[in-house]
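This report concerns the salt bridges of the structure shown below and the parts of the chains that they connect.

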Amino acid sequence: MAEHIPVDKTFKLFIGGAFPRSESGRTFQVHSADGGLLANAAKASRKDLREAVRAARSAQTGWADRTAYNRGQVLYRVAEIMESRRAEFTSVLTDMGHSPGDATAEVDRSIDRWVWYAGWADKLHHVLGTVNPVVGPYFNFTFPEPTGVVVVAAPDDPPLLGMLSRIAPVIVSGNTAVVATGGPSTLAAVTLAEVLATSDVPGGVVNILTGEKGELLPWALGHMDVNSVDLTGAPDGLEDEAVAAAADNVKRIVRADPAGASPYMIGDFLEMKTVWHPIGR
Amino acid sequence: MAPTDNPHKPFGIDYAPAPESTAVVNIADTYGHFINGDFVEPSSGATFPTVNPATETHLANIADGSAEDVDRAVTAARGAFEGPWGQMPGSERGRYLFRIARQLQERSREFAVLETLDGGKPIRESRDLDLPLSAAWFFYYAGWADKLEYAFPNRAVAPHGVAGQIVPWNFPLMMAAWKLAPALAAGNTVVLKPAETTPLTALLLADVLQDIDLPPGVVNIVTGAGATGAAIVDNRGIDKLAFTGSTEVGKAIQRVASTRRIPLTLELGGKAAHIVFEDSAVDQAVEGVVTGIYSNQGHVCCAGSRLLVEESIADSFVERLRRRISTLRLGDPLDKNTDVGAINSADQLQRITDMVATGVSEGADLFQPECDLPDKGYWFPPSVFTGVQQSHTVAREEILGPVLTVQTFRTAEEAVEKANNTPYGLSAGIWTEKGSKILWMTEKLRAGVVWANTYNRFDPASPFGGYKESGFGREGGMHGLAPYLHERADVTGGGA
């Protein structure tokens, strides 16, 4: 019997639940830590970003309209699928230069992190919402709602845990995400996209663009249908002018601890709505 | 006595004038900046006048703040933050805030009259809304000063340092109170800039701060116009910025703050939809719509400036609205019977006049009640546009004046679609007697405050602020504390 010749995976973008190549036809090479060529990955263009934002916008209302219980289960399902592919994720991280021990530890924490955020979906309102004792006969309460479409600059370090630690607090409340990543994290991103595609996460809720973050982020910051940009994983050279463009539609700019986890990180992508109603007979 | 056709004299009897006395206020000729506990001359020596918009009479000369003045104020604020205020336990900070609240209550008539003189709003509103709420804001946040660890579970928080705060002219003292109270409760020190047309009540507040022995430098007040505000935004000693005002200026501030990574709160413009269903309590809805757009001459960022009324009742509702508007009493803001006071400034009057002219030229139908405008001062009659298209300028842009547009809808979905068809998202109103419809609408409307079967209610316990281009961050409630605190780097909370 002939020796099996490996079938190499094509690294593509993840937009609206599908895996297209870049419309531009551009690619970049992804190498393992030892210098071997892993793939020619798709290098997302401005038009790919616009397509991803459109997919995210189309998916947002439906995702936010799911019950919190349901969103929690979908995030938990992501953890389940990751668990079943832990060997693959571990080898991704060792390919990127992690020691086997470090790789296993990061994969474990990554799976745990999905579980942790899954549980927040139906508890956010308790912790971040309030009932307000106003003067006068009014029932008054404040509750969180998703901001809308969020572009996430995925941190390069830690590559897997950092990326999903920035995605989970965005989507758990009903936002949709466009993730900008590239460089060595590309391998982790593409593998995570395959998990998301098979985890009951509706198409368009998470879109992943590989390429140059420094190129993608100015486009995202200037996009008028993006509500928030998470610059946690932004490259150092991002121009002030690009960040200033976020003011054109008063985007919420977020910068956070790349590997942290907190309900307040969920809060960074929430709007608070306050409702008044008279009390009377 | 037979009813008459004159809506102001339905029984042939008019109201006698009931002016509030101005004897209670004492306005100085000239005011300096309030820096490090004292009134000081502006570095340039320049001043600008503030006038009574109802009479165009000169009230006082106000120091025009330069970058040098701002720097002096920031230095004083820094000194207080690193000195007494920063070292003080929250329980003691709270005492000062309680004292401010009490002083405002005790001197409320004086403040209310001064607010009306300087800004043109009816005394009924400055007396019954601005002053009680200003005092309540300090009282509410006073109680938070020693309880911050309970506001943010599992998070150790600390104040930013020196907060730069810029407030508008529509609720001059109240906006200052909304900004100062949470900043101080959280342990920050402040450089505050009141609006150039309405600086007097903030300067009277400085008097209160001296009386209660607030440590020097904790609150500094620098007066001036846009250039002074820009000097605050650009000052390198500022650790936190908060702005209430136009979306245009807010965006300019965000450009600076985002590149310098300074935490920012923005409370910007609005173009709120006020939605009336056929199954509403119509008389109450009429009152709500009138309150929503004509109180404070429509100088309210959350004003219900776009009436969306269900088609089946549109004609009769608009007729009732016109009748009600015809009974509004426009005139001397100091008169206790006045409903609609003076427009805040000549500039704002020009903007409203231009916008209304645009509305007419674009083809909307203008209704204004017969109404005698005083000869002196800045005045604009309550106005209603019908026949309005979504594309009309008056339906899209904030006017910040007593101008209502009317559009109709057939289904709740259409009402939501029209209500959300704006870059703004500050507030919205809903009138229906059907509870499930209120909650359904509430979930769909992209706005930070939703008033159902009421409008324009405010409370220090109730968070206020916008979605989308109406800004970010909240003022009021526990949520209003968060923008004035950051997570301490030396203590991190839990997580997975």
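## Basis of the model

The model is predicted: local features need pLDDT of at least 70 and side-chain atom pairs pLDDT 80 or more, while totals for chains, interfaces and linings use all residues. Residues are numbered from 1 along each chain as its sequence is written, chains are lettered from A and ligands numbered from 1 in the order in which they are written, and side-chain values use heavy atoms, with hydrogens and water left out.

## A bridge in chain A

D156(A) is partly exposed at 40% relative accessibility (buried is under 20% relative accessible area, exposed over 50%, partly exposed in between, with a 1.4 Å probe and protein chains only). Its salt-bridge partner is K213(A), at 3.0 Å from N to O (a side-chain nitrogen of Lys or Arg within 4 Å of a carboxyl oxygen of Asp or Glu). Because K213(A) belongs to helix α8 and D156(A) to the loop between β5 and α6, the pair ties together parts 57 residues apart in sequence (helices, H or I of at least four residues, and strands, E of at least two, are DSSP runs numbered from the N terminus). K213(A) is buried, at 8%.

## Bridges in chain B

R324(B) and E287(B) form a salt bridge with their closest N and O atoms 2.6 Å apart. This pair links helix α12, which holds R324(B), to helix α11, which holds E287(B), across 37 residues. Relative accessible area is 25% for R324(B), which is partly exposed; E287(B), at 35%, is also partly exposed.

## Network and total

K9(A), R85(A), E88(A) and E194(A) are joined into one network by salt bridges that share partners. Over all chains, the search finds 38 salt bridges.
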